[in-house]
Amino acid sequence: MKTIIKKIITFIVTVLLVTLFVFIAFELIPGDAATARLGINATPEALMALREEMGLTRPFFIRYFSWLGSFFFGDMGISYSYGVSVRSMLASKLPITLTLTLISFIMVVAISIPIGVFSSKYEDRPGIKIIDVAGQLTMSVPPFFLGIIVTYVFGMLLHLFVPGGFVSYDVDFGKFLSYLFFPAVAIALPKAAMSTKLLKTSILSERKLDYVRTAFSRGNSTMDVMYKHVLKNAIIPVITFLGMTLADIVAGSLVIEQVFSIPGYGRLLISSIANRDYPVVQAIIAIIAMIVIVINLIVDILYQILDPRMREGR
Amino acid sequence: MLDVNDLHIEIEDSIIPETVVHDFDIIMHPGEIVGIVGESGSGKSMSALAIAGLLSRKDMKKKGRILFEGEELLTASRSRLREIQGDDIGIIFQEPMTSLNPVKKVGWQIEEALRIHRNLSDDELKSAAIAMMKDVEIPDAERLYNYYPHELSGGLRQRVMIAAALICDPKLLIADEPTTALDVTIQAQIIELLKRINHERNTAILFISHDLSVVRSLCSRVLVMNKGRIVESGPVDEVFEHPGEEYTKNLIHAIPKFQKIATAIDNHDSKPILEVKNVSARYKKITGYFQPGKKQRDVVKSASFTMNEGEIVGLVGESGCGKTTLGKTILGMLDDTDGEIVHYSNMPQMIFQDPYGSLNPSKTIGWILEEPLRINGKYTPNERYERAKKMLGLVGLDESYLSRKPKALSGGQRQRVCIALALMLEPRLIIADEPVSALDVTVQEQVINLLIKLNRELGIAILFISHDLKVVYELCSRIIVMKDGRIVEQGTDDEIYNDPKDPYTKQLLSSAGYAK
């Protein structure tokens with residue numbers, strides 16, 4: 001119970017700090033929403049009038065806290081650039097970014113756990129080196145570049161998808177998923193390679209421990225020793241990594257959305273920053289921060305489930 | 001029942017193949033307890049693991065014959081071996097904490113062999129496990145069934161290991177150093193338990209230990225191993241009373257057995273070197289970002305004692321009693337302490353238990369020895385080198401060791417280096433924290449003799465922290481007994497050993513087998 005309260009406090013403090021930083025950042029960069037809307041040739045009087053109208057002349061902290069107050073009640077304000085409610089803008093794009101993140105994450109897990117187990121099992125076979133080399137190679141390629149390669153190979157050469165095309169989820173969900181598949185590959189591969197390597201190393205070091213010998217001494221098969229004993233121990237450090245990876249994927253998907261022209265949060269965020277569209281930027285960053293913190297929370301809980309040594313004493 | 005003939009085990013290293021076990025023979029009958037003794041690296045554990053079919057490393061070659069119940073195990077298939085493992089042959093290991101899976105409940109682990117070898121329902125498994133737990137005297141078995149290994153004490157963990165090994169009622173129990181990691185009082189209980197199991201279930205026990213006195217109290221026959229060979233075997237009493245081989249004689253001679261090796265230098269009217277007044281100490285536990293470190297339970301509770309110049313004082317107690325913490329407190333290594341510590345000389349130095357972990361593996365011995373002088377800053381490189389050479393000489397190692405790395409040294413040599421390191425700043429007091437408990441008996445004896453020599457020749461006072469009352473008896477003139485953070489009794493060796501006042505001291509002495 002005490003730990004849960006602590007986590008909630010951490011959660012609130014983090015969201016406060018992150019949004020405050022974004023506010024300060026916008027204070028510091030030159031130009032504001034009024035100039036962005038009226039252009040550089042606008043008269044000072046027109047600018048002042050618009051600033052007055054948009055509430056930009058109020059003191060910094062007043063603006064921040066009034067934004068914060070309405071945010072927590074679900075009111076994210078009106079987009080300066082489009083004049084529509086931020087909430088409705090984000091609501092239509094949230095499923096796209098979330099789905100992309102989720103597909104990528106599932107790929108990371110689905111690739112790394114079997115390959116990690118496999119490559120640790122046949123660690124001394126010469127052929128297994130190929131997995132290591134392939135992993136090393138994938139790890140060293142930045143996702144956006146991998147995105148370009150994936151577009152070229154699967155889109156331009158193999159015609160498995162139309163580069164630059166996109167079908168929204170409310171039109172055809174199947175097609176929507178198929179268009180997200182390749183961007184997800186670009187996000188997932190480097191992470192999967194890292195996670196594979198981590199799992200392999202973790203399994204190899206666990207296998208040297210005494211309890212593995214005990215497990216064999218009771219007549220377990222090699223398979224049972226791996227799945228009933230080693231894996232649950234070896235997965236513990238990997239869980240921490242996967243948690244960080246998931247948070248990283250949320251951020252990484254913003255870049256990949258740009259490469260593949262997917263109309264998710266990433267593209268919206270970039271155009272909104274260019275337009276000084278505070279309400280949109282604030283809302284996106286606050287939501288991403290919240291997602292990341294929730295992921296960390298889930299990882300902490302998972303950790304306690306997997307490792308009894310982390311639980312509070314009885 | 002078990003007939004091992006001419007067993008050879010060879011490790012096929014890429015450079016030179018090394019035979020670790022030669023001509024190993026053993027015959028065991030049902031219900032018999034046979035001991036294998038030997039120092040580390042003698043091949044005793046290897047042989048036992050081979051019998052249990054647990055040496056499956058690809059780089060190991062095994063030759064010979066292992067007949068168990070008339071069946072050849074050495075050439076048996078993996079699947080046949082698996083049928084025997086856990087069912088007909090059970091095994092328990094030295095370190096019950098690391099030998100149990102940390103993320104599985106103890107009940108699950110006790111049942112495991114039964115789950116593999118018998119076809120039982122979950123309820124039957126559970127009731128069998130609980131009955132077994134009760135049989136090995138685990139209190140409150142129903143509740144502890146759902147506990148994890150880290151929630152149990154060392155003694156209980158070893159009982160869990162024993163329960164898990166016995167659950168299928170094996171004909172042979174292999175016990176590989178099962179009491180080495182445990183406190184004396186717990187050791188004695190586990191030995192009693194093994195005796196009772198052997199008696200009640202007629203389980204044959206192959207008992208591997210470096211501790212000759214334990215082997216003597218438990219086994220009917222004994223094999224002595226050295227460098228991969230059996231050097232002597234026979235009924236225990238015969239081997240212990242009339243050892244035929246030189247090696248066995250040395251081994252028996254080296255057993256600490258409540259005999260004074262030497263008395264410390266005379267210190268009747270010498271000056272005090274250390275005064276500890278009402279010292280309490282605790283560790284801080286960091287609980288969260290917003291709370292300061294919570295006040296922890298005191299690990300040392302108002303301890304008071306004094307030490308004189310040139311005195312060897314023993315600080316004894318079981319693991320967790322606070323003796324190491326008290327040592328660290330004297331050295332000022334803890335932040336959260338009360339009371340007063342007065343040093344009448346320069347700062348004391350410490351020697352630690354594990355010479356394998358205490359030396360930086362990537363540095364040379366010379367570099368390690370010179371480090372305190374380098375930090376001090378007042379010494380020229382030549383002075384540092386000369387001092388390191390001199391101190392190595394004092395501990396019986398020559399100059400050539402200065403350029404070697406710890407990896408190239410044996411355990412005993414490493415502990416000598418640790419002692420030389422403690423001497424580098426020329427302290428008048430050394431705190432030795434279990435300096436011999438990680439070492440083999442013959443090496444133990446050498447290190448004890450070295451400490452006595454340093455005390456006699458240089459007049460260095462030693463606070464000797466140990467759990468082993470026999471070793472303490474060998475060299476200490478005064479003894480302090482600790483329990484649960486408190487000093488329960490202190491006095492001269494004669495007072496403590498021959499006229500103990502505190503019931504805990506009496507219990508310790510009887511567990512250690514001391515008779516006036």
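Which helix of chain B is Ser511(B) found in? I looked it up in the model, which is predicted, and found Ser511(B) in α19 of chain B, the helix of residues 503-511.

**Entry 1: around Ser511(B)**

I next asked how Ser511(B) counts: buried, exposed or partly exposed? I counted 17 C-beta neighbours inside 10 Å, so Ser511(B) counts as partly exposed. I then listed the contacts of Ser511(B), leaving aside neighbours within four places in sequence, and noted Val184(B), Thr185(B) and Ala188(B). I also checked Asp183(B), which is 328 residues away from Ser511(B) along the chain. The C-alpha atoms of these two residues are separated by 9.6 Å.

**Entry 2: confidence**

I looked up the pLDDT of chain B and found a mean of 88, with 95% of the residues at 70 or more. I marked residues 288-293 of chain B, where the pLDDT is below 50. Beyond near neighbours in sequence, that stretch has four contacts in the model. Where pLDDT is low, the predicted coordinates should not be read in detail. For the complex, I wrote down an ipTM of 0.78 and a pTM of 0.79 from the predictor.

**Entry 3: chain A**

I counted the elements of chain A and got 12 helices and zero strands. I noted that chain A has 314 residues, of which 31% count as buried. Along the principal axes, I found that the C-alpha atoms of chain A fill a box of roughly 85 × 60 × 35 Å. I also looked at contacts in chain A with a separation of 6 or more, and 72% of them are between residues 24 or more positions apart.

**Entry 4: where the chains touch**

**Entry 5: the six-stranded sheet of chain B**

I traced an open sheet of six strands in chain B, in the order β15-β16-β17-β13-β18-β19, with mixed pairing. Why is one side of β15(B) and of β19(B) left without a neighbour in the sheet? I found β15 (349-351) and β19 (486-492) at the edges, each with a single partner strand, so one side of each has no neighbour there. The twist I noted averages 20 degrees from one strand to the next.

I then followed one pair in this sheet: β13 (residues 312-316) and β18 (residues 478-483) of chain B run parallel and are joined by four bridges. Opposite Val316(B) I found Val481(B), in β18(B). I also looked at helix α15 (residues 411-423) of chain B, which lies across β15 and β16 (429-433) of that chain. This helix runs at about 175 degrees to β15(B).

**Entry 6: the three-stranded sheet of chain B**

I found an open sheet of three strands in the order β12-β11-β14 of chain B, with antiparallel pairing. Its edge strands are β12 (300-308) and β14 (337-343), each with a single partner strand, so one side of each is left without a neighbour in the sheet. I counted six bridges between β11 (residues 272-281) and β14(B). As the bridge partner of Leu274(B) in β14(B), I noted His343(B). Helix α12 (residues 323-330) of chain B packs on this sheet and touches β11, β12 and β14. The direction of α12(B) makes about 120 degrees with that of β11(B).

**Entry 7: nonpolar cores**

In soluble globular proteins, nonpolar side chains tend to be buried together. I looked up the largest nonpolar core and found 78 residues. Those with the most contacts inside this core include Ile110(B), Ile174(B), Leu206(B) and Phe207(B). Helix α7 (residues 154-166) of chain B gives the largest share of this core, eight residues.

I took Ile174(B) and, leaving aside neighbours within four places in sequence, listed contacts with residues including Ala48(B), Ile51(B), Ile91(B) and Leu206(B). Apart from this core I found another, of 69 residues, among them Val299(B), Leu463(B), Tyr504(B) and Ala512(B).

Terms used: Residues numbered from 1 in each chain as written. Chains lettered and ligands numbered in written order. Predicted model: local features only at pLDDT ≥ 70, side-chain atom pairs only at ≥ 80, totals over all residues. pLDDT = per-residue confidence, 0-100. Contact = placed C-beta atoms within 7 Å. Pairing = 2+ DSSP bridges. Helix = DSSP H or I, 4+ residues; strand = E, 2+ residues; numbered from the N terminus. Axes fitted to C-alpha atoms, helices over the stretch in contact; angles between N-to-C directions. Core = buried A, V, L, I, M, F, W, Y, C linked by C-beta atoms within 7 Å. Buried ≥ 20, exposed ≤ 12 C-beta atoms within 10 Å, placed from the backbone.
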